[in-house]
Each structure stands twice: as C-alpha cells, then as structure tokens.
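Here is a short briefing for a reader who is meeting this structure for the first time. Please keep the sequence and the 3D view at hand while reading.

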Amino acid sequence: MITTHYNTIGIGIAFSPNLKANIYEAARLALCFNARLVLIHVGNRTTQKEVTLKEIIAPFKELHLEYKVVYELGDPVEVILNAIKVKKIDLLVLGALQREKLVKYYVGSIARKITRSASCSVLLLIKPSVERVPCKNIVVNGLSSPKTEATIATSFYVSHKLEARKITIVEEISQQKVQVKVEDDKTLRKATIVKERLRLREESRVKKIVTQIPEDYKKNIRVKTQSIFGRRGYSIGHYAQLMRADLLVMNGSNHTSFWDRFFTHDLEYILRELPTDVLVV
Amino acid sequence: MNPKEKGIHIFLKALPKNIFSGFVVSLIALPLGLGLAMASDAPPISGIITAIVGGVIVSIFGGSNVTITGPGNGLVGVIIMAIATLQLEGAYAAIAVSGGLLLLLGFLRLGKVADFFPSSAIQGMLAAIGLIILGKQFHIMLGHKIVRDSNLEYLLEIPHTIFQSFNHQDIGLHYAAIAGVISLGIMIVYPKLRNKYLQLVPAPMWIVILSISFSYYCELILGTPNVIHPDYMISGIPNVEQIIADVKLPDFSHINGFLFWDSVISLTLIASVESLLSIKAVDKLDPLKRRSNVNRDIKALGLATIISGFLGGLNVVTVIARSSVNVNNGGTNRSSNFFHAFFLIIFIALFSTQLTRIPLPALMAILVFTGYKLASPIKAKQILLIGKEQIIIFMTTLIITLTVGLISGILIGALVTLLMHMIIKRNFIFFFRYVFVPNVLMFKEEDGEEDKEDSYFISVKHFCTFLNYYKLKNKLADIPETADVILDFSMCEFVDHTAMESLNNYQDMFTKKGGNFEINGLDMHNSDTPHPFALRRVIPVAKMLRDVNFTKRQNQLKEIAPRYLLNYYSRKRKEVEFLEHFTYFNTKTVNHIYNQLSNIETGIHLFDVEYSEGEFIAKEVIRSTMLLIKPQSHIPDFTLDKEGFIEKAYALAGFKDINIEAYEDFSKRFYLKGENITDIQNFFSDELVQFFESNPYYHIESNGKGILIFKKERLASIKELKALLDYGKRLKVCIEETVHTYS
C-alpha cells in the first residue's frame, strides 16, 4: 500500500486580492499535515512585499508554522515547476478561477499549466477563505487505472487529516464499455443487465482498494461508492458540484504510461470549469 | 412451450385481428396513395407501388410494431420539385439514392436528424408542406386546373378559383366541382359522426365507393356517360401486366448535378423527419407499450425506398394517420402492415379498371383536407400560446419554405431560433461556449434500501436547447420507462421549447408504462406564457416578485393540496423564524420558504426551503423539501438520524448517542441525540420505536414545539413528497398517542 505524506507544502503567490485567503488556506493545511510551507513568488523581492507577507503569516507563526519565502524571476510555470523539484515540495497549493479565462497571472491558465505537468500533488482552490470552512465531503475518482489506488489512499490520508466526514468514490464507466446499444425493449433489458454487472465489478474493485486503507484513516468517515455511466472526467465534476463536495480528488497526469494520456484528457474537463476545490494527486 | 413457440402462438392468435386491421388500412391507403401520387405529379399507380413495397419490406425488416408505411404527405412538395427539375425518371433515381442515404443513416445510427431541429421550425415546415398540397390541389378540386411557377401563386389564386367555379362554361366542370365539394364535405363531417356502421369504412373509402356508384348510376340507370368532365377523371390506371411491362428504370444521368443532390437531400431529410415524428407518435398509441427500434426502422425504410424507386414508386415513409387507424382497428404487430400491402395488390389486380371511375376532384378533396390539417390556423394559434418568439420562428420557416425551399426553410428556422434564444438570454456567447461541452449527468441513486425501485437522477447544466438536447435524450433512452426519474434543471439556466415539449412526451410515456418522471428545479425559471411547453430561463430576482407562471410541479402541488386537506401558497415567505430553533439550521441561513402546503388546524406544514451554508464566496445555496408537524402536546428536543448521517447533525457533535433499552437494533440503526436524556428515553415508547424501525429512514428533528422531517438535501418529487406527507401524518398520530400515555 502506497501512502503519501505531505511534508512540504508549496504555494505559488501573486499579490492579488486573494493573497491573504490563499496563504491562510495553505498555512492551515501545513499545520494540519505537520508540514513545512514554502511560499513561491515569481517576481522581485521588495520590502513592501516582505512586510505584507510577514503581516499575513504572523498568526500562524505563533502556532509554530515553519515557513520559507522564495523570490525568483522568470517564466512563472517554469519557476514553480523547478521549485517543486528543488524544494522537494509534495503538495502545491494554487488559487484558480472557476472557469478558465484569458491568461491572467496565476489566476488563470498558469495554474492549469502547472497542474498538467507538476510532479507533485496540486491543490486548486477556487474559493479560498480567511475563515476556516470545514472540509466535510470529499469526492474521489475510482477509475480503473494503476494510479487510482494511490489516489484513493491519498484522499483517505487527506480526509483523516482534515477531519472530513464523508468520502464518495465515484467510478466513472464509459458508455463504450456497455457495448450494447439501446434501441428497443430487448436491447434496453440487455444493457441494464450489462450495466449492473459492470457496476458490481467496479464496486468490488473499489471496495478492495478501500480494505487496504489503514483502519486509522477510515475512522469516523462514511465511505460511499457511486458508479456513473457517462463521459469520463466530465461526470465526476458534475457530480461533485451537484453533491456540493468540498474537495474533488483526481488522478494526476504524469506522462509516463499509455493510460495516462487518456486521463490527461479526462482531467481537462475538470480544469475547464472547476466544480469545487480540486486536488490532483 | 419454449419462448419461440410461445411467440409463434401469440402471433397466430393475433393474426386474424391484424388481417382485419390491414384490410381497413388498405381502404384508406388506396385513395390516399392515388391522390398523393397525383398531387406529386407522378403517375397515380406510383403511390400504390410505394405502399405495397413499403408494407412488404418494412413489415419484414422493420423495428417498429404497429406502424404503417407508404407514400407520405410531407414528401409531396419535394417530389413535385424533383419531378419538375429532373423529369420522372430522374426523380426515381433521386428517390432511390435518398433511400440509400437513409439506409446509411440507419447504419450510422444517425437516423435521428430530426432531433437537431427546433420543434417550432419543424411545425412551420410541416405547415408549409400542408399549404403546398392545399394550394395546388384546391384548384383541381373545383374543376379549375392551373399551372403556375411558385407555390405562393397557387395560394394567391384560390379566391379567383372559387369565383371561377361558379362561372364554368362546361356543365361537366360544374359536376366536377360539385364532386370535389361533396367529397370535402364528407372528409369534414365524417369524424364528427359517431355511427358505428358508418365508421366501419373510412371516409376516403366512402368517397371512392360513392363516386364509383355514381359513375355506374349514370351509365346503367341514366344511360349516359359520366356527367363529370372526362379531363377530371383519373386516367392511366394500368392493370398488373401493364405495370410490370411499364416499369420505368430510374435515370441516373443527373447524378452529377447540384439539383439532383438538392432533391436527394430534401427527400432524405423530409422522409426521416416525417417517419421519426410518426414512429414517436405511434409508440405512444401502442397498446402493448413497446419501444420501437428506430434505427432498424430507418434502415428498413431506406431499403424499401431504394426498391420502390427502381419499381417506379415514391419514398416510403412511416405515416401517422394510417398507423393510428391500424391501432384503432386492432393491429398488434407488423403483419398488419404486410396485409395492408397484400390487400392493395388484390385491389389493383381485381379492380384496377373500376378506379378510373373516380373523379379527380373527389380524390383531391382528400388531399386538400389533409393539407389543411397540416397548416390549419389552429396550429399557429397553439404555437402563439407557447410564446411570441415561437410564432416568429414558425412563420419565418413557413414563408422561407414556401418561397425558397425546404432545406433553406428548416435551416433558417433553426438559425432564427438560435437568434431568438440569444436575444431572450441577452447573451450571445453563452450558447457557443457550452454547445460542445457535455452537460448531462445521470446516475442511479443508491439509498441502500433493498426493496426500493430503481431511481435515476439526472442533472443538466448550462442550457438545454435543440442544439444539445440529443445529449439529454441519449441518457433518457437508457432508462427503462418503468423506473423513477428525477430530472433536475436547477443548474441549468435556459431550457427551450423543443426540450420542454419532448420532455413532456417522455413524461407521458413514463406515466403510461408505470414509471414516474418528474422535472425539478424549474421553479426559479420564468416563462412569458403559462403554456407547459414554454421556454424557461433563470430570471433576475427583481422580476421574481411578479406573478410567475406555474411549473408542472407547482400545478401538481396545487392540485394535490385539497386532497390532503391542505392549502397551497406558491409565493415566497421571508418570515422563517420558526425554523431557527432547529439544530440543523444552526449553521445555515434560511433565505425563504416557498411552495407551502399547510393546514394550521391539523398542524401539518410542508414547504420547499431555500437556505445557504457558509458566507460570501464559500456560500452554497441549497433547496430542499421539508415537513413540519406540530403534535398537540409537549415533546423533548432531540435529533434522530440514520446511523452515519453525522454530517447533517455535526453541530451536535458534543452529544452522544442515546440508547433506548431493550431495542438494541433500533439503537444500532439510529443515532438519537439530545440534551435531556431521561426525557427522551421516556418519550421513545415501544410504539414509537417500532414505528421508526418499520418505516423508511428520514432525518427527524424536534425543537420542543414541532418536528421537522426531511430526507434529502434537494427538492422532493411529487411522489417523494406524498410519501413524506404520509409518513409525517402517521408519525404525528403515533406521537400523540404515546405522549398521551406517557404524561
């Protein structure tokens, strides 16, 4: 069983109106995970910026948060991707707009570009808040992919740390797998049976993954599985939005294996319009 | 008996009925076939050939059950143009090629082209076709044959023809006009007569019988030749040998021309639209409630059209009027379509010479009547009721179709619809941004309750119009009609008339087949007219204060209210203090309640409530249906929930689960929480515990004065709402009895 630990949390910061909220979110996360916080800013180091940051982070310093600020010039995407490697960041927090718009600093496609090629987990926040909003309801993908096991494990790890109460594992089953085209009553009956069989198969696969999760992480968490027949990547986002999930956990997209090319595509639906906060493992 | 033998047994048992029904249908198909072919400027026999080929081929290879196939009304306009530009042999080639195209569409499962056109534009196109038929045949009906260039000229000359018909020089023309008018009279009056012997023979056949008898009356009794002018008699009905000898081979020499393909595409489009509309409509009539295999039917129609084109027939389409006669006369399977063809062959073989005794005006009266039915002003009035924008779409399509052509008409109709949507939405980019993005989510709700029937939840985002309705439709097609479906539009900003109309059809279908289909989340959307199919969109808050038109759900609420002795108020109510002492709402802000059903005397209050969680950017707006009951006596504060539903009651985290002794199972299955433990333990008497154990789970909460009951954090469907009401009432009775004993 692969278990993730977030020891170093990075955050890309721009001096935007959301700065305080983003840093608060990241700092709270760092405290929850017992991790170091690295603030990465692409731009000049000025006294004013330093003062602002110090002011914002002060309340967390009292809680013994270990943090570091990195100032670097260059292309934002490259700088941040590089910092991930150099600083050994396990989780990168980025503020993002719900819908992808024209290029804006951080708050736009930069966040998405990084998400597509980062080697660590990325958390995209669409509604950062200064006050703590409890994360209660987590939706995680249960696709049949070699990565899913790690993703589900991570989501349990995260929900344990954030004291979430409910995890819904969504198995998206693409319509092509059903193989029966519904044309009349007979094919409909056939398709319904095939779907039920697929659903049970997927569910038992996911249940097996869940049994391997350490009991400690599963305490006080209600686990639900839901299978959805529909476009992969799209359905889970719509579902998370409908169920008002606080966090959606998705498989990442390392360009390593044949399968991943498909999932990259799946992730695009989510990135196009973020349904909620999204964690890409 | 194995299933196959059983199938044959059922088939044989139903055979006599189907033979009879096929016979009745053939009585209409004969005059209609002749008339439609003549209206299309094709030889009269080609209509019969079409019906025979269609009946044989589609009954063998088709995928629908009680449909009848043959020459269609809609195609008349297109075939006239094809024959005018390509000559008869060229038109046969175009027909054969369009059959091939249809076959291809069937194999590619694209038979549903009709789905991509807005409903009002299709209505406009059909009305234009009706006017084309009516305009052309009206003159022949009154014995005044004219040839004009455009469809419009035919229509504009109708008053002149009426005037002309009183001034015919030849007495034979007067008789022709009289035959036409009498036949039209029969067509109009016949449906209003309710005599069962008269109804045994369909109206078109009465016209045929009467005109043939009249011809014999002249010949045998008066001893004169038929008084009707000989130019106005059907000519050229060949006998069987001649038909076989005269088969005109299609002429493919035009195949490289633009006009040829224009005809082919028009033919294919109209054939598929007409067939699909008919198949859909006939499925609703099917007494055995089967679902037609549309793609298979399209393939069969394509094949039949190819054969028909080569044999000198027209396009084979599914026709609604003949199909409904088939159902009414007891047709139960495709064999009735076969027998309709079989009887047509017999008629032609035995009576082909008799058919020349039918006067043309009589036959054309049948077509004038069907044309009028397609284009009747009542249609336009109905469309106006749906909305002003729909009548603009309808009229534009109608005028363009009449003046320019069918394809231009329907395309411009679609364009105008899109434009109308943009104007109404006041947003031009919105529709382009989301048109290619998936927008439908469907899943089976799993409640963990074993005995529950399948229940599907569908949510639609962004917008739902003719542009992307097929996405929703594909999902709907996967659901058995016996299931429970909840379609939620609360995340969808714009729903158009095409979608509303089709969804209404689905609702009917589900109701007929024992399922339940409900549309939720349209209560915030407003429409300009009270029509149930009117286009709906989310409107700014200020306008909400106006009286809005009720949604179907609201109408149903209003309807069921008196049955439960409740009063219905649809308006929003902002005074919601009575909800604030419930722990569930401790961390939430109630915005307002609406759609209330209440009765103060019996203490029952059901309502939809809108509340929000969190503030500012983290704010989530939730709508849910809840029931508040007020038992007559004091009750302790408590919260009762299904084990595991902790997040609903997380504000209560400080309290621990209260156990009721002697009911281990109850304690295991439910979380019971509250401050005053002894009070609560006393309150949960044996009867009450048993009540909770034996009924479905609800979230139940008491604040000392009232009990709040609900199931899900979303609006309840009418069915769920009724269940909730029933549960609440029984709980109230149960509590009132036990409280009595415990105090």
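The crossing of α1(A) and α2(A) is right-handed, a crossing being right-handed if the near helix is turned clockwise from the far one by less than a right angle, and left-handed if anticlockwise. This is a predicted model, in which local features need pLDDT of at least 70, side-chain atom pairs count only at pLDDT 80 or more, and totals for chains, interfaces and linings use all residues. Residues are numbered from 1 along each chain as its sequence is written, while chains are lettered from A and ligands numbered from 1 in the order in which they are written.

**Helix pair in chain A**
- Helix α1 (residues 19–33) and helix α2 (residues 47–61) of chain A, helices being DSSP runs of H or I with at least four residues, pack at an angle of about 25° with their axes 10 Å apart.
- The contact (C-beta atoms, placed from the backbone, within 7 Å) is made by A:Lys20, A:Ile23, A:Ala27 and A:Leu31 of α1(A) together with A:Ile56, A:Ile57 and A:Phe60 of α2(A).

**Contact between the chains**
- Chain A gives 25 residues to the contact and chain B gives 26 residues.
- On the side of chain A that touches chain B, α8(A) gives the most, with five residues.

**Sheet in chain B**
- Four strands (DSSP runs of E, at least two residues) form an open sheet in the order β3-β4-β6-β8 of chain B, with mixed pairing.
- Strand β6 (residues 484–488) of chain B pairs with β8(B) in the parallel sense over five bridges, where pairing needs at least two DSSP bridges.
- B:Asp484 has B:Asn516 of β8(B) as its bridge partner.

Conventions
Axes fitted to C-alpha atoms, helices over the stretch in contact; angles between N-to-C directions. Contact = placed C-beta atoms within 7 Å.
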